[in-house]
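The structure is shown first.

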Amino acid sequence: MSNWREQLGGEEETEAFAGWLVENYHYPVLLVVVGFALWNRVRNYSNFIVDGEVLYSGNDPWYHMRSTEYVIQNFPETMPFDPWTNFPHGTANSQFGTLFDQIIALGALLIGLGDPGQGTGRFVLLVAPAVFGVLVCVPAYLIGNRLGGRFGGIVSVMFVAFAPDSLLAQSLAGTPDHQVAEALFLGLSVLGLMIALRAAERELPAYELLVEREFGLLRRTLGWSLIAGVAFGAYLWVWPPAVWLYGIFGVFFAIHMIAEHIRGRSPEHTAFVGVITFATAGLLQLGTVQTTGISATSRSLLQPGMGLVAALAVVALAWLSREVHRRELSPLAYPAGVAGSAVVGLVVVALVLPGVFSFFVDQFERSFGVTFDWVDPVVWFTDISADAGAASTIGEGQPGDLDTLTDSYQFATFTALLGGILIVVRQILDDRPKGEELLILVVSAFLIVATLTQVRFAYYLTLVIGGLNAVLVGYVVRLAGTPDRESLPETYQILTIAVVVFVMFVPLLGVPLVGGSDTAVELADDRSQPGTIAGWDDSLDWMAENTPEPGTYANPDGDPLDYYGQYDRTGDFEYPEGAYGVLSWWDYGHWITGEGERIANANPFQQNVREAADFLLAQDEEEAIDVLESEFTDSETAGTQYVMIDALMAETDTTVGGKFFAPADLNPDTERGDFYRILRSENRIEGFLNKQDYYESMMARLYHFHGSQQQPASFTTQWVGQEARTDGGTALVDAPDNTTQTPVVEFFDSANAAQEAASDDPSRQVGGLGANPAEEVPALEQFRLVYSDVVPSVPSAGGDDEALQNAIDNGLSTGSAASDIQRDIPLLENGQNTTVQPEDPLADKFDFLYDTTPSFTKTFERVPGATIEGSLPENATENEVLNVTAGDELRISVPIQPENGQEFTYAQTVTLDENLEFSATVPYSTTGYDEWGPEEGYTNVSARATGPYTIETSRAFDQNASQIVSYTAEVNVTEGQVIGEEDPVVTVELEERTIPFEFGGG
């Protein structure tokens, strides 16, 4: 700044300003660009503070919240083992509680002056991803500056600020995940290695200098190589699977050293950098090893071992180069020797350590989409596809494509390609090409392939797209010439730079005709809401307050499991008496642990996923209980007591966010087409027709029917032709052509009539829309609804609903049930003999499709149940009107009123035995709720009966007396009987009841 003032004092202002601008233009530009990057990332933070509570977006941020809070309580220690998830085993997940969480915890401790409250810690975690995202500008600028000068650095930072890409999405306030820290420390690792390589090219360290201890001649190379190793080590501390960088850097060193040897130069200076970088990174991992096995996802011997192996491999490459030179062999003998040694090494490992070899092949395929065909040993790099099963249910595990790049970077995708080509040309034609340019090319190639394999890796692309474009920008600027410091830039120079900026960035700014679908501002607005957690928060808060603490279920005098306790690492945790699990789909496991403070069975670590699928898809209650007892029970006093299901889990329509397909994909014995059909026309999907197996699943029986018996529908749905199955197991059927005047839905006077119409028609089924099965669904005996979320998945009265609207404002889907109804209304209204008229309000159509209000999230409890035992009067067989005999059915029912939502009836049917007696197990109580709650080790039930159980035989009409006759009784069941704390048996004797019948009466 003083130079500028001196210039202003001694020469024309314009020329002085021009000189200062040429020298220092990057400072104000960077200030504006980085300022925008920070502003765009934090400006919507308040969206995540709902009613004074911080709600994070996504799944993993909730576990980062837990692990960060643990570090705050035990700084700097991280959680060695967590029994609060993966019930009944517990878990030690090394991808959480890493350097990422420690940095955030340190920030919270500093802001909170050593004693931050929970609110402070959660707020710091809320804004932390934006801070990490802006810090990515540091390696972005320095990498770009090295590749394309200061303007190249600015261009690279502009991608961080303006690209509507995955890095932006991962670095918005409210989305705290280690992925943004991965990008930062990967960038620092690459930057450190680039500087070290450049220093080595200048100092040319060699083995002889080490022998002579001429360390002064190696100072910069040694120092920057150590820094690169520390940055690499920090990357591994943030994310243990970062071991893949050993392989990426290893490929670079092999290529670069081969190229140097062929050019007639010793590659020892490059090897010097590699050995120090790899050894430093590996040695830094020794203190963090938690398991002696080999694992890419845990802190195992793999992380330090790979560093030492990579360092030795680089030493071997340097030695081989010396030997080839000493023996005066052809320069091509070196790459042949390297390739031959690699092949021999792989063969030896495959034969001697087949398990280790398979492990690395699997990791390579998982990261870079490579398939090995052992019949024809060719590596097919074009075979980039996600495995079936688990991968098909994980959004970030899906393969990417070219659109993944062009949607985020538009024309800059292709200018980056030009930058890569320019590097290749330089590597071939230049006498002394820069190793750092080859490094960015190799890293870019691997990261792009990784993104095409799993779209999750797209957050790395900002750095490499920026770096490759910086190469092109530097080349263009050099062609145009650098403005003289004493004068303003020439017009052609300004135009050249303007064209470069226009091509790369104008499409990212939403300019009509050339702009992309989203800008960085629009993407930030779109992603800055909590999302589906808005439909779970109420239920999780209820669970935390109205269920017993783990360790006290049915054991009120037990010691609660310490939420922030320090637990020794173990493979199978021994849970105390009164501990219990909460079962849901894996997506919600971290929410249950972090927000509900209860122990999740399945979680986003993909633990217990297949077992959860087995329960949710079980076709009868006995099968479901077998799953709980065999997979989700730790002891007689520690089992799984609660099941939570939301509207998306029970939804088959994937176009509205339905997740029912996921358990079907993960269960090896099922596929999607076993549970539903997609009804399609030529141009669109007309609907989703659920099969009986869908309605028989525990997921549907709980969510739709609350465990009650359900009668078959009195309408049919139909299609034309035969059902077809895709390779993925999806069932497809064609909707009737409009010209045939055949409706998809046809209504009948009774369920029997509908069943008769569908019995001989393979292109027709009974029901299938909403909660309407083809056959009777029996009642559950040991599962009951205990809470319905305040947030419905459709307006409860068919109109505005404040709770739903608030949840939608916080990013919740508009509601799967609402979308279902809107989609199914045309099918219903066009049905023959329709009972649902077009002018009927939405609420009526909703009531027709669903018997119970679909609160977004519903919580169920497993209970032993009470037993109602009863009999008919001794003279019952003498009643000529009723004509009761063994085998007749009785209906047992009770009205239940949830705290939120409409009243429903739990019902089940039982059969009279030869003595005209019956026995039924029922899960709902009718009295005694206030006697049993969390303090007594049980649930504060929020779905309560409004009357006693009614037990009744079939009704008959007595023509002589003009009355309706039945045997009936009413009986109360206490909460203590249902939960097993009191004698569970209730006895009752039915009595004859008559109801006068008046013909023509109103």
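Is Glu268 buried or exposed? In this predicted model, Glu268 has a relative accessible area of 11% and is therefore buried, the limit for that class being under 20%. Its salt-bridge partner is Arg322, with the closest N and O atoms 2.1 Å apart. Because Glu268 belongs to helix 13 (residues 268-285) and Arg322 to helix 14 (residues 302-326), the pair ties together parts that are 54 residues apart in sequence. Arg322 is partly exposed, at 33% relative accessibility.

A search of the whole structure gives 28 salt bridges. Three of them are listed below.

| Salt bridge | N to O distance |
|---|---|
| Glu268 with Arg322 | 2.1 Å |
| Glu686 with Arg684 | 3.2 Å |
| Glu952 with Arg993 | 3.0 Å |

Glu686 is buried at 16% relative accessibility, whereas Arg684 is exposed at 53%. Glu952 counts as buried at 12% relative accessibility, and Arg993 as partly exposed at 31%.

Helix packing is considered next. Helix 4 (residues 60-74) packs against helix 6 (residues 118-135) at an angle of about 130 degrees, the axes being 10 Å apart. The two helices are therefore oblique to each other, and their crossing is right-handed. From helix 4, Pro61, His64, Met65, Thr68, Glu69 and Ile72 meet Gln118, Gly121, Arg122 and Leu125 of helix 6. This contact comprises four nonpolar, four polar and two charged residues.

Definitions and conventions. Residues are numbered from 1 along each chain as its sequence is written. This is a predicted model: local features need pLDDT of at least 70, side-chain atom pairs count only at pLDDT 80 or more; totals for chains, interfaces and linings use all residues. Side-chain values use heavy atoms; hydrogens and water are left out. Axes are lines fitted to C-alpha atoms, for helices over the stretch in contact, and angles run from 0 to 180 degrees between N-to-C directions. Helices (H or I, at least four residues) and strands (E, at least two) are DSSP runs, numbered from the N terminus. Angles under 35 degrees count as roughly parallel, over 145 as roughly antiparallel, 65 to 115 as roughly perpendicular and the rest as oblique. A crossing is left-handed if the near helix is turned anticlockwise from the far one by less than a right angle, and right-handed if clockwise. Contact means heavy atoms within 4.5 Å. Ala, Val, Leu, Ile, Met, Phe, Trp, Tyr, Cys and Pro count as nonpolar, Asp, Glu, Lys and Arg as charged, and the others, Gly among them, as polar. A salt bridge is a side-chain nitrogen of Lys or Arg within 4 Å of a carboxyl oxygen of Asp or Glu. Buried means under 20% relative accessible area, exposed over 50%, partly exposed in between (1.4 Å probe, protein chains only).
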